[in-house]
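Let's take a walk through this model together, one neighbourhood at a time. Please keep the structure open beside the text as you read.

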Amino acid sequence: MVTININNKSYRIPERLTVEQYHKALQYDWEDPKYYPMIVAQLIGISPSTLIGAKEEALTLAIAFIVKSMNERRECKTLDLEQLEFGQFVDLDVYLALGLDKHFMAIQELIAPEAKWADEAMWAIDKFAAFRTYTYRQYKVLFGLTDAAIDEAEMEGDRLKDKMDVARSWYKVIVALAQDNILRIDEVTEQPLKKVLNFMALQKEKVMEENQKQLQQKRQHDLQRNHR
């Protein structure tokens, strides 16, 4: 058990955070010390006013213990990523793009619904993030990405599609696959992920081949016209 003395009183610092505690902690700016009293108070179950006047050294130490707990990972039961539905992948991709601070609970409930502890939920989220990167790499032509762009995004912890409105872009894809029929949207999103991505990749390949064919025909036409 880890305890810390603040204002001459001993408090127990949780060695393991629940998913609810982790989610609440994510709502604060951890780079700004002014939020330390609120973060610590919330996680040890007291009113923030109790920590008014607390020494910065004590709060910083408490934050260090909390960060250590937040960085822990423990394996847990997760959704089978190889069996993901297209709609599930889209939801998780959008949630990650919009930020863990906003959608941590939604991601956890989808990918590891039985996880009670934050270290378990984050293990599952890290596992999906790796799968997500692997998927983008497999279908880089479909998504218009390069290995360098994927590596850079992964290294910097950046979003793979940071420059686009992820939710809107995915919805356009879904609507197109549903042939603009709202009654077919669920039918599309419930398809296996790889089945949909393979279909989309083949469709894009056909379009690229047709464009290349037309470009060659145009070049031949231009050459013939120039030789007249």
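Predicted model: local features only at pLDDT ≥ 70, side-chain atom pairs only at ≥ 80, totals over all residues.

Residues are numbered from 1 along each chain as its sequence is written, and side-chain values use heavy atoms, with hydrogens and water left out.

Let's begin with helix H4 (residues 86-98) and helix H5 (residues 100-111), which pack at an angle of about 155° with their axes 8 Å apart. Helices here are DSSP runs (H or I, at least four residues), numbered from the N terminus. The axes are lines fitted to C-alpha atoms over the stretch in contact, and angles run from 0 to 180 degrees between N-to-C directions. H4 and H5 are therefore roughly antiparallel, a term for angles over 145 degrees. The crossing of H4 past H5 is left-handed, that is, the near helix is turned anticlockwise from the far one by less than a right angle.

Which residues make the contact? On the H4 side they are Gln-88, Asp-91, Leu-92, Tyr-95, Leu-96 and Leu-98, and H5 supplies Leu-100, Asp-101, Lys-102, His-103, Ala-106, Ile-107, Leu-110 and Ile-111. Contact means heavy atoms within 4.5 Å. Sorted by type, the residues between H4 and H5 are 9 nonpolar, 2 polar and 3 charged. In this scheme Ala, Val, Leu, Ile, Met, Phe, Trp, Tyr, Cys and Pro are nonpolar, Asp, Glu, Lys and Arg are charged, and the others, Gly among them, are polar.

Now for the rings. A pair of aromatic rings is described by the distance of the centres and the angle of the planes. Rings of Phe, Tyr and Trp (its six-membered ring) pair if their centres lie within 6.5 Å, with planes under 30 degrees apart called stacked, over 60 edge-to-face and the rest tilted. The count comes to 9 aromatic pairs. In one of them, Tyr-22 and Phe-104 have ring centres 4.9 Å apart and planes at 35°, so the pair is tilted. Tyr-22 lies in helix H1 (residues 19-25) and Phe-104 in helix H5, so the pair ties together parts that are 82 residues apart in sequence. Tyr-22 is buried at a relative accessible area of 6%, and Phe-104 is buried at 0%; buried means under 20%, exposed over 50% and partly exposed in between (1.4 Å probe, protein chains only).

The rings of Tyr-136 and Phe-143 have centres 4.6 Å apart and planes at 65°, so this pair is edge-to-face. Tyr-136 is buried at 0% relative accessibility, as is Phe-143 at 19%. Ring pairs link both into a cluster with Phe-86, Phe-89, Phe-128, Phe-131 and Trp-170.

Back in helix H5 you will find Gln-108. Is Gln-108 buried or exposed? At 4% relative accessibility, Gln-108 counts as buried. Beyond its neighbours within four places in sequence, Gln-108 contacts Val-19, Pro-113, Ala-115 and Ala-121.

Finally, visit the loop between helix H9 (166-177) and helix H10 (185-189), where Arg-184 lies. Arg-184 is partly exposed at 28% relative accessibility, and touches Ala-178 and Gln-179, not counting residues up to four places away in sequence. Gln-179 is in this loop too; its phi is near 55°, a positive value in a residue other than glycine, and Gln-179 is exposed at 58%. Asp-180, also between H9 and H10, has a positive phi near 60° and is exposed at 69%.

Key:
Helix = DSSP H or I, 4+ residues; strand = E, 2+ residues; numbered from the N terminus. Parallel < 35°, antiparallel > 145°, perpendicular 65-115°, else oblique.
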